[in-house]
Amino acid sequence: EIASLGASFNSMAGALSANIAAQRDFLANASHQLRTPLTGLKLRLEAIEGEGGDAAEQARKAGTEADRLNELVEGLLMLARASSAPTSAEAVDVAAVARSACERWAETADRAGKDLRVDVPDVLAPIRAQPADIDHVLDNLVENAIRHATQGTAPEINIELGAEVIEVKVSNAGRGVPPGVQPQLF
């Protein structure tokens, strides 16, 4: 009976492993295949936007939606990478990453009427991580802070780094995340 149970367990583990690998491959392939038409769509929309007129405004709005779709595709690629073999971490200067995020988002924040600031301690030890992962997390946090900052509130969006424990805070004077939605964030 134990041998039969062991064989059944091994068979189930093999099937599960194959299913996970198939899902990972599907995510990677689907994401990769979606990138090409998205890039073509974005280029065409930018060309229409460049012509001006009523169509330009609609092209700009469609371009924003194409950007959102591209973010979803990038998320799928990240999910596929996360479920594959682990990558090695390296020393990351979080202060430099935070400053870089501030530079990347400064123009977007300015267009939204918000002032994006970085508050970094003088001395900050590097952490071990994947730099692209830290960039991605900060980009998501800053973009959400800009997008969801309530109009008429204080115009500051701050990226703060703690000195004793490496802690990154992105804050604004927005309405916050409703309690019922908070569990879905993570």
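Figure 1. P126 is found in the loop that links β2 (115-119) with β3; strands (E, at least two residues) and helices (H or I, at least four residues) are DSSP runs, numbered from the N terminus. The model is a predicted one, in which local features need pLDDT of at least 70 and side-chain atom pairs count only at pLDDT 80 or more, while totals for chains, interfaces and linings use all residues. Residues are numbered from 1 along each chain as its sequence is written, and side-chain values use heavy atoms, with hydrogens and water left out. P126 counts as exposed, at 55% relative accessibility; buried means under 20% relative accessible area, exposed over 50%, and partly exposed in between (1.4 Å probe, protein chains only). Leaving aside neighbours within four places in sequence, P126 is in contact (heavy atoms within 4.5 Å) with A91 and V92. The C-alpha atoms of P126 and A96 are separated by 9.9 Å, although these residues are 30 residues apart along the chain.

**Figure 2. The largest nonpolar core.** A nonpolar core is a set of buried Ala, Val, Leu, Ile, Met, Phe, Trp, Tyr and Cys residues joined through side-chain atoms within 4.5 Å. In soluble globular proteins, nonpolar side chains tend to be buried together. The largest core in this model has 12 residues, namely V92, V94, A95, V97, A98, A101, V120, L124, I127, A129, I134 and L138. At least two residues of this core are supplied by each of α3, β3 (127-129) and α4. The largest share, 5 residues, comes from α3. Another core, of 6 residues, lies apart from it, and W105, L116, V142 and I146 are among its members. V92, which belongs to the largest core, touches V97, P126, I127, A129, Q130 and P131 when residues up to four places away in sequence are not counted.

**Figure 3. The packing of helices α3 and α4.** Two packed helices are described by the angle between their axes and the distance between the axes. Here the axes of α3 and α4 come within 10 Å and cross at roughly 35°; axes are lines fitted to C-alpha atoms, for helices over the stretch in contact, and angles run from 0 to 180 degrees between N-to-C directions. From α3, the contact is made by V97, A98, A101, R104, W105, T108 and A109, and from α4 by I134, D135, L138, D139, V142, E143 and I146. By class, this contact has 9 nonpolar, 1 polar and 4 charged residues. In this count, Ala, Val, Leu, Ile, Met, Phe, Trp, Tyr, Cys and Pro are nonpolar, Asp, Glu, Lys and Arg are charged, and the others, Gly among them, are polar.

**Figure 4. E143, a buried residue of helix α4.** E143 has its place in helix α4. With a relative accessible area of 13%, E143 is buried. Apart from neighbours within four places in sequence, E143 is in contact with E71 and W105.

Figure 5. Side chains of opposite charge can pair when their charged atoms come close. A salt bridge is a side-chain nitrogen of Lys or Arg within 4 Å of a carboxyl oxygen of Asp or Glu, and the structure holds 7 of them. In one of these, the side chains of D139 and R104 meet at 2.8 Å, N to O. Because D139 lies in helix α4 (residues 131-148) and R104 in helix α3 (residues 94-111), the pair ties together parts that are 35 residues apart in sequence. R104 counts as partly exposed, at 36% relative accessibility.

Figure 6. R111 forms a salt bridge with E107, and their closest N and O atoms are 3.0 Å apart. These residues are 4 residues apart in helix α3, so about one helical turn separates them. R111 counts as exposed at 61% relative accessibility, and E107 counts as exposed at 55%. In the salt bridge of D115 with R117, the closest N and O atoms are 2.7 Å apart. D115 is partly exposed, with a relative accessible area of 32%, and R117 is partly exposed, with 39%. Elsewhere, salt bridges that share partners join R104, D135 and D139 into one network.
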